[in-house]
Amino acid sequence: MSTDPQVSGDGEAEARRLDAADPGHRELFHVPPATGGRYAETAYLAGNSLGLQPRATRADLLADLDAWATLGVEGHLEGTRPWLPYHEYLTGAAARLVGALPEETVVMNSLTVDLHLLMVSFYRPGGARHRIVIEDSAFPSDGYAVRSQARFHGLDPDEAVVRLRPRDGEDTLRTEDVLAYLEREGDRVALVLLGGVNYLTGELMDIPAITRAGRAAGAVVGWDLAHAAGNVPLALHDWDVDFAAWCSYKYLNAGPGALAGVFVHRRHVGDPSLQRFEGWWSTDAATRFAMAPVSRPPASADAWQVSNPPILAMGPVRTSLEIFDRAGMTALRARSMRLTGYLERLLGDVTATRPLTVITPRDPERRGAQLSLRVGLDAGELAKRLRHEYGVIADAREPDVLRAAPVPLYSTYHDCWRLADALAGLVEETR
Ligand SMILES: Cc1ncc(COP(=O)(O)O)c(C=O)c1O
């Protein structure tokens with residue numbers, strides 16, 4: 001298979017020109033070396049799955065390790081970043097990232113664990129109002145989590161969990177259909193739990209409109225923001241979202257399995273009527289070491305913490321959030337729209353004559369960085385060939401979806417051009 005350029009004549013030169021005019025922050029990241037193709041670096045378009053490692057992460061992590069080596073247990077209270085309040089170092093930046101108040105935000109645990117802890121408080125089925133609404137293409141973990149929550153409350157998950165499907169022949173959910181469901185069936189819905197950006201299609205949901213409709217129907221509205229945090233601007237407080245959680249290993253670049261973030265709206269923090277699973281980190285920090293028999297939870301999202309946090313896992317989240325603070329979500333979103341729009345244009349040339357379809361919404365306001373392609377063949381095989389023959393990393397979702405996300409912090413126009421060029425080389429023309 002030839003790896004000579006396949007897409008339009010001066011396309012590569014144009015990509016280089018655009019990169020010179022509109023650079024991101026690639027110098028802050030390690031870009032993996034290519035394992036195939038003509039270029040030294042990978043064209044990395046899988047930041048929606050696992051973000052790249054910031055160069056600063058290693059030194060920051062080593063500093064935390066050094067504190068342990070040199071201070072031992074005294075590191076809880078001494079050193080440049082004492083461990084006892086470590087999670088607080090992350091709160092401000094995490095809150096800014098998702099449009100929350102600091103008291104509404106905490107970084108803790110992993111995403112699905114956090115969704116469960118939040119559902120302890122926010123899924124309180126009663127009588128007819130017991131349904132949980134998710135999208136049919138929800139990430140499977142969310143589906144399993146809500147089904148197990150229904151069972152935990154003695155309910156039949158097949159009856160209690162409602163999966164909203166796109167219309168026949170369509171790939172993405174229409175907001176109007178979600179709103180119509182909530183209008184029609186809302187008095188039976190206890191919880192709406194949707195993905196802010198769908199992991200498969202890349203669709204950005206209308207979070208404020210759906211939150212408004214769900215709450216107006218008397219339901220609690222929570223969001224899984226795994227694919228939204230660090231990808232699109234969020235205003236969780238102003239949108240009146242009840243709760244949300246997101247992981248930090250995708251657009252947030254904090255490393256495989258990195259800790260998750262949690263949002264609980266101010267109207268709920270400090271509400272003594274809410275159920276919560278507690279441990280010693282749920283109690284007020286000022287009296288934590290009074291070793292009292294009964295907890296005194298603070299009026300903040302910190303109350304949802306259970307255990308003392310893993311300091312060595314918190315460091316990379318702190319490093320990453322600082323990058324977002326410096327780069328600014330507004331500027332990142334603007335570059336993201338330019339990059340993704342450019343990739344969409346290039347893919348348009350490729351898909352015009354090949355059996356590939358972009359299933360992500362065409363409206364830039366209804367998507368983040370990711371474009372998903374239905375490839376009509378084994379997507380896993382295609383992803384392997386992209387990597388080994390062209391040095392392009394995109395990721396596949398079985399059976400036939402290829403996902404590519406130009407990440408505004410580090411992806412380039414040239415990366416986008418390489419993907420389009422490689423697809424043109426790998427997928428045969430049909431006419
Ligand atoms: C949308 C979404 N929700 C939940 C998860 C599960 O995350 P975790 O394994 O961190 O709980 C993922 C993982 O990729 C995801 O993409």
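Predicted model: local features only at pLDDT ≥ 70, side-chain atom pairs only at ≥ 80, totals over all residues.
1. Arg-96 forms a salt bridge with Asp-325, and their closest N and O atoms are 2.6 Å apart. The pair links distant parts of the chain, with Arg-96 in helix H3 (residues 88–98) and Asp-325 in helix H9 (residues 311–327), 229 residues apart. Asp-325 itself counts as partly exposed, at 36% relative accessibility.

2. Stay with helix H9 for a moment. Arg-318 and Glu-322 both lie in this helix, four residues apart, about one turn. Their side chains meet in a salt bridge (3.2 Å, N to O). Arg-318 is buried, with a relative accessible area of 7%, whereas Glu-322 is partly exposed at 33%.

3. Another pair to look up is Arg-215 and Asp-242, a salt bridge whose closest N and O atoms are 3.6 Å apart. Arg-215 lies in helix H8 (residues 207–216) and Asp-242 in the loop between strand S6 (220–224) and strand S7 (243–246), so the bridge ties together parts that are 27 residues apart in sequence. Arg-215 counts as partly exposed at 31% relative accessibility, while Asp-242 counts as buried at 3%.

4. The structure holds 34 salt bridges. Some join into a network, which links Arg-167, Glu-170, Arg-174, Glu-176 and Asp-177.

5. Now step back to the domains. The domain assignment gives domain 1 (11–30 + 329–426) and domain 2 (61–326), and their C-alpha centres lie 29 Å apart. In contact across the boundary are 23 residues of domain 1 and 20 residues of domain 2. About 1,900 Å² is buried between the two domains, with carbon and sulfur atoms giving 58% of that area. On the domain 1 side, Met-329, Ile-359 and Arg-366 lose the most area to domain 2, together 31% of what that side buries.

6. What holds charged partners across this interface? Two salt bridges are counted between domain 1 and domain 2. Arg-366 and Glu-203 also deserve a look: their side chains meet in a salt bridge of 2.5 Å, N to O. Across the interface, 10 residue pairs are in polar contact. Helix H10 (329–352), strand S10 (371–374) and strand S13 (401–404) each supply at least two residues of the domain 1 side that touches domain 2, and the largest share, three residues, comes from H10.

7. Finally, visit Arg-131 in strand S3 (residues 131–135). Arg-131 is buried, with a relative accessible area of 12%, and a polar contact of 3.1 Å joins its side chain to that of Tyr-181.

Key:
Residues numbered from 1 in each chain as written. Heavy atoms only, no water. Buried < 20%, exposed > 50% of the residue type's maximum accessible area, 1.4 Å probe, protein only. Polar contact = N/O pair within 3.5 Å; in protein donor to acceptor, adjacent residues only side chain to side chain. Domains from an automatic or database assignment. Contact = heavy atoms within 4.5 Å. Buried area = accessible area lost by both parts, 1.4 Å probe. Salt bridge = Lys/Arg side-chain N within 4 Å of Asp/Glu carboxyl O.
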